[in-house]
Amino acid sequence: MAQDIVLPAQARVVIAGGGIAGLSVAYHLTKLGWRDVLLLERHKLTSGTTWHAAGLVGQLRATHNLTRLAKYTAELFARLEQETGVATGFRQRGSLAVAATEDRWIELKRGASMARHFGLDAHLLTPAEAKKAWPLLQVDDLVGGLFIPKDGQTNPVDTAMALARGARDGGARIVEGVRVTGVTTRNGAVAGVRTSQGDVAAEIVVNCAGLWGHAVGRMAGVAVPLHAAEHFYVVTEPIAGLSPDTPVLRDPDGANYFKEDAGKLLVGWFEPVARPWDERRAPDDFAFGTLPVDMDHIQPQLEKAAARVPRFGEAGIRTFFNGPESFTPDDRYLLGEAPELRNFFVACGFNSIGIQSSGGAGMVLAQWIVDGHPPMDLWDVDIRRVLPFQANRGYLRERTEETLGLLYAMHWPYRQVETARGVRRSPFYDRLAVLGACHGETAGWERANWFAAPDEVADYVYSYGRQNWHAASAAEHHAARERVALFDQTSFGKFLVQGRDSPRVLNRVCANQIDVAPGKVVYTQWLNARGGIEADVTVTRLDDTQFLVVTSAACQTRDLAWLKRHIRDDTHCTVTDVTSGYAVLGVMGPRSRQLLSSVSPDDFGNDSFPFMTSSEVDLGCARLRASRVTYVGTLGWELYIPTEFAAQVFDTLLEAGEAVGMKLAGYHALNSLRLECGYRHFGHDITDETTPLESGLGFAVAWNKPDDFTGRAALLAQRGQALRHRLVSVVLDDPEPLLLHDEPLWRDGRRVGITSSGMFGHTVGRSVALGYVHNDAGVDAAWLADGRWEIEVACERFPCRVSLKPPVNTNAVRA
């Protein structure tokens, strides 16, 4: 590359990477008035992955927030050519997804219900109607199809160049042939970049390096877990009669997609077992690069494609293509400010949906950079969900064999990943496995989801109906309600907060009052300045200067970063992640007091050990911390056990539990129990967009405590006002349908809300859910009672009851 490139000494924002994601971030920053933007591309714009993308622009994604972002991308592309004067090739020809099984048909119908709720036009088609929409389609084995008219396709390179033109017109500078070789930092924040053409100081650095995003992250000490995989497609010779208006066709049961391309068919696939590719093997000048085609690998997919579209099998193949694309461990891209380094942002790991995600991702990240916070709930893709171990290349390589294929695999309820398992195990893992545990995975943790009987196989048989574990989980659920159940909850994130200023720090962060007597447990939220919920935790005061903060496994990174960033330099306060130091057992149920009293000399009576208190106790031969809290709505304790004592404590409880009818229980039972009681789950029922008042958590706000807390002003402004958006409990009338999440809620024939989480409630004998409903005049008990309520499941409506109160009374927790 040219050696006479002169870079500025500094820029407000430096973007590393000139693919469509980086260009979108630059474009949207300039739209927000930031002109001092420098984008650096190691070779030529689009030369990494963008240039060989298929250019599909679909809008229906797995969750409602990702659907909102993809919908914005389509809207942006529809106007981009007119705005910039650069032809993009964007055409809204529509897309057709077909179902070859009844379960896939349910999946498509559930997606259609969610799509319509957010204003996305979606039509269910019979096989005959699908044939009419796509005449070359073989439909004999199809159950139905989903047609989205405003989906489309675009030319990825031309679209990227239109974004580049828009960014340049807005003042951004784009420089090709400059490699980022390092990231400089100062006082925990980014300070600039080192490049092949010299250093550039910067207030903000954005990692949009695509295939090289992992390496750029490592330069900054930031975990960016992505790994490349080989992605194959072919292009046929011209096919007579193939209309230029042919919609994109997706055949997920065959793992294939079909796109009309100048009278030819471009056919690609997301095969179940992928071929990982290590970008470190590429030469330094790798650009517009291709990889060797493995015919043995792709032959099964060619045969499936020919079966779905026979004319494809008859046509000659003009191009066999193989190129690298990057994938993340959970198939969702990485977006946002890195928890390890302030002002270092990430937008990469797009899992083969980079084109259709680029507009929305660039828009929200630019707003995040400018405003200092995300403009909407982005937890699905927030990089703060990442654990440091997930950047391990061995872990990534193994997981990538699976993640490419998951794009078109069945998105079963409760589906568990199969690769890179066993990474994080509690001290009870082996014992629970022997006792019939079927483990799932969350944040790398192996967690018992349910327990099989001795004559059953502890493995999932997936469906959209009652899965094979339904009865087992019901028995665990009833044990917690009626006797006692033992849960392994070791995966909790646990932080030790210490120092003479720790009460003041935590009271500023927590909405509730935590300056309480030692031994008290406080349930609280951490809020942002807008009153939205950033974390949902318990805080236990250990002594005058020490507190234990407990959060969910998925929020370990997020909450630790939030807390650390709210400790001022002039305060005497430290935070230590002690997650690995303590195993946790939940002893839950009306006989839990009887069980614990049988193995401990300590007094677990209500007077000595009231609700929301914590104390060190002897149990078996161990000394541990017992906290009287519950997530299941019954009497119970969480036991925090130093890991070296964990096995002996478990064995002691298991033996003593026989006398009180104790049953081992998993996270599926925990979920059904908490939903019946209306207990919220962060990321589903509460987010940074919802306030404690809207989510029914006003009881956990200490309005009059002397210390001000983040978000207080916003809550005071909302307090006393009619709440137009509120969390409600939902109970189906019909005991047969199953609720999961994202099911629209109807009042008097009009959509007014959507569920956030749901499951079958074994105490009430039917499905229960939490969800949000909206009414401009305010949501209150009278408005809820006056309406005729229905819930939409896979495009079919069912009568339900909606209330501000949960269906199961939780008074027993204080008994």
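Contact here means that heavy atoms lie within 4.5 Å, and helices (H or I, at least four residues) and strands (E, at least two) are DSSP runs numbered from the N terminus. The structure is a predicted model, in which local features need pLDDT of at least 70 and side-chain atom pairs count only at pLDDT 80 or more, whereas totals for chains, interfaces and linings use all residues. Residues are numbered from 1 along each chain as its sequence is written, and side-chain values use heavy atoms, with hydrogens and water left out.

**View 1. The packing of helix α2 against helix α5.** From α2, the residues L76, F77, L80 and T84 meet T159, A162, L163, R165 and G166 of α5. The residues of this contact divide into five nonpolar, three polar and one charged, where Ala, Val, Leu, Ile, Met, Phe, Trp, Tyr, Cys and Pro count as nonpolar, Asp, Glu, Lys and Arg as charged, and the others, Gly among them, as polar. The axes of α2 (residues 64-84) and α5 (residues 156-169) come within 10 Å and cross at roughly 55 degrees; axes are lines fitted to C-alpha atoms, for helices over the stretch in contact, and angles run from 0 to 180 degrees between N-to-C directions. The two helices α2 and α5 are therefore oblique to each other, since angles under 35 degrees count as roughly parallel, over 145 as roughly antiparallel, 65 to 115 as roughly perpendicular and the rest as oblique. The crossing of α2 with α5 is left-handed, a term used if the near helix is turned anticlockwise from the far one by less than a right angle, with right-handed used if clockwise.

**View 2. The packing of helix α1 against helix α9.** Helix α1 (residues 20-31) packs with α9 at an angle of about 40 degrees, their axes being 8 Å apart, and the pair is therefore oblique. In this case α1 passes α9 in a right-handed crossing. On the α1 side the contact is made by I20, S24, V25, H28 and L29, which meet residues of α9 including G354, S358, G362, A366 and V370. The residues of the contact of α1 with α9 divide into nine nonpolar, six polar and no charged.

**View 3. D380 in the loop between α9 and α10.** D380 is placed in the loop between α9 (354-371) and α10 (393-406), and D380 is buried, with a relative accessible area of 17%; buried means under 20% relative accessible area, exposed over 50% and partly exposed in between (1.4 Å probe, protein chains only). Leaving aside neighbours within four places in sequence, D380 is in contact with T63, N65, L66, R332 and R385. The side chains of D380 and T63 are joined by a polar contact of 2.6 Å, that is, a pair of N or O atoms within 3.5 Å, of which, within protein, one must be able to donate a hydrogen and the other to accept it, and residues adjacent in sequence count only if both atoms are side-chain atoms.

**View 4. T403 in helix α10.** T403 lies in α10 and, at 0% relative accessibility, counts as buried. Apart from neighbours within four places in sequence, T403 is in contact with F327, T328, P329 and D331.

**View 5. Helix α17 and its cover.** Of the 10 residues of α17 (residues 667-676), nine are buried, among them Y667, H668, R674 and E676. The elements that cover these buried residues include β21 (445-451), α12 (470-482), β22 (484-488), β35 (750-761) and β36 (766-774).
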